[in-house]
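Hi,

Here is the structure I promised to send over. Have a look first, and my notes follow below.

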Amino acid sequence: MFIKGMDLSFVDEVEAAGGAYFDGDVRRDPIDLMADLGMNAVRLRIWNDPPGGFCNLERTLAMARRIKERGLHFLLDFHYSDRWADPANQWKPRSWEGLDAAGLREAVRRYTADVLSAFAMQGTAPDMVQIGNEVTPGMLWPDGRVDGELDTDAQWRTFAGLLQAGASAVRSVCPDAGVMIHIDRGGDWEATRKFFGKMEELGVDYDVIGQSFYTWWHGTLDDLRRNLALTAETFGKPIVVVETAYPWTLEKPDDTGYILEREDQLAPGYPASAPGQSAYLRDFMRIVRETPNGLGAGFYWWEPAWIPAKAMWSVGHHNNWANLTLFDYEGRRLATWDVLREEET
């Protein structure tokens with residue numbers, strides 16, 4: 001299966017705020033609608049104890065039931081944090097702050113196993129599991145940090161031990177699930193080669209390479225093509241571009257600041273419009289599909305349904321992503337969805 005996935009982690013909060021989704025004028029359940037439009041996989045993040053109360057175990061279990069009722073592939077994304085984990089933020093959950101490296105390994109193993117057991121018990125075991133989110137600089141800082149002055153052999157061994165603890169829990173509880181290691185260097189071969197070379201050297205057990213790729217941060221589509229080809233030829237593992245997006249407009253309904261809001265942030269040849277977004281998705285999918293040796297396994301659009309249903313969100317800030325969705329500000333689906341249906345399943 002070529003994954004045509006969507007990260008729908010914010011849908012629960014959108015719906016709780018009264019947000020709704022439409023195909024034309026017809027209101028639809030968002031998961032049903034997106035599945036009808038060609039989505040075949042859903043990614044959900046999970047935080048240990050998020051202060052806002054969303055993306056915790058209870059609410060993610062409920063979302064997983066909806067995903068599996070539609071027969072969709074399910075990727076569970078462990079952040080191993082109470083909040084965003086990304087290249088600038090890989091902070092321990094509050095309850096793990098006093099643990100040393102050995103304690104963190106056991107905490108990762110036990111927590112991963114307990115969470116996966118809960119999904120398995122309700123009949124919604126993930127088909128794939130991410131051990132960490134955009135872990136390019138390591139995770140569970142400072143113990144598992146591997147950038148800057150902490151880019152040392154000892155730190156990499158500690159980090160690898162944390163990844164291995166999570167992977168072993170997946171193997172134990174959900175033996176049929178693929179294990180993904182995810183970084184954010186979709187257009188950067190040198191960084192990708194270094195990171196996954198370390199994974200090989202340290203014997204980390206995983207199945208799938210995950211990448212993030214956003215043109216305004218990670219380079220051109222040609223950079224992506226080159227990196228995917230070299231990664232496939234060097235490491236021989238399936239690759240999923242597990243995060244991507246592109247804007248459908250630069251016009252905003254209010255004065256909220258957006259991640260992408262200027263013409264000079266756009267990729268040449270891809271205007272911020274529904275046709276421009278469609279062209280980006282079409283070309284992007286072709287590049288992933290054409291990865292050598294059939295190792296381009298698919299992609300996920302990051303938060304296509306995060307519409308501006310309220311001012312402030314549980315993550316502690318406003319929605320800065322609302323023009324990078326696949327729905328307009330009122331929740332009507334965009335024409336970009338038609339690109340998915342052009343593709344063979």
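Where is Leu 140 found? Leu 140 is in the loop between strand 7 and strand 8, with strands being DSSP E runs of at least two residues and helices H or I runs of at least four, numbered from the N terminus.

Before the rest, a word on the basis: this is a predicted model, so local features need pLDDT of at least 70 and side-chain atom pairs count only at pLDDT 80 or more, while totals for chains, interfaces and linings use all residues. Residues are numbered from 1 along each chain as its sequence is written, and side-chain values use heavy atoms, with hydrogens and water left out.

Leu 140 has a positive phi of about 50° despite not being a glycine, and at 1% relative accessibility Leu 140 counts as buried (under 20% relative accessible area; exposed is over 50%, partly exposed in between, with a 1.4 Å probe and protein chains only). Pro 142 sits in the loop between strand 7 (138–139) and strand 8 (144–145), and a cis peptide bond with omega of about 0° joins Trp 141 to Pro 142. For context, most residues other than glycine have a negative phi, and most peptide bonds are trans. Tyr 80, in the loop between strand 5 and helix 4, also isn't a glycine and has a positive phi of about 50°; Tyr 80 is buried at 1% relative accessible area.

Now the aromatics. Searching the whole structure turns up 37 aromatic pairs (ring centres of Phe, Tyr or Trp, using the six-membered ring of Trp, within 6.5 Å; planes under 30 degrees apart are stacked, over 60 edge-to-face, the rest tilted). One of them is Trp 47 with Trp 84, edge-to-face at 5.2 Å centre to centre and 90° between the planes. Those two are 37 residues apart, with Trp 47 in the loop between strand 4 (41–46) and helix 3 (57–69). Trp 47 is buried, at 3%.

Trp 84 also pairs with Trp 302: the centres are 6.0 Å apart and the planes at 55°, so this pair is tilted. Trp 302 belongs to strand 12 (residues 296–302), so the pair ties together parts 218 residues apart in sequence. Trp 302 is buried too, at 9%. One aromatic cluster includes Trp 47, Trp 84, Trp 302 and Phe 10.

Finally, the charged end of Arg 45 sits over the ring of Phe 10, 4.5 Å from its centre (CZ of Arg or NZ of Lys within 6 Å of the ring centre and within 35 degrees of the ring normal). Lys 237 has its charged end over the ring of Tyr 206, at 4.6 Å from the centre.

Cheers
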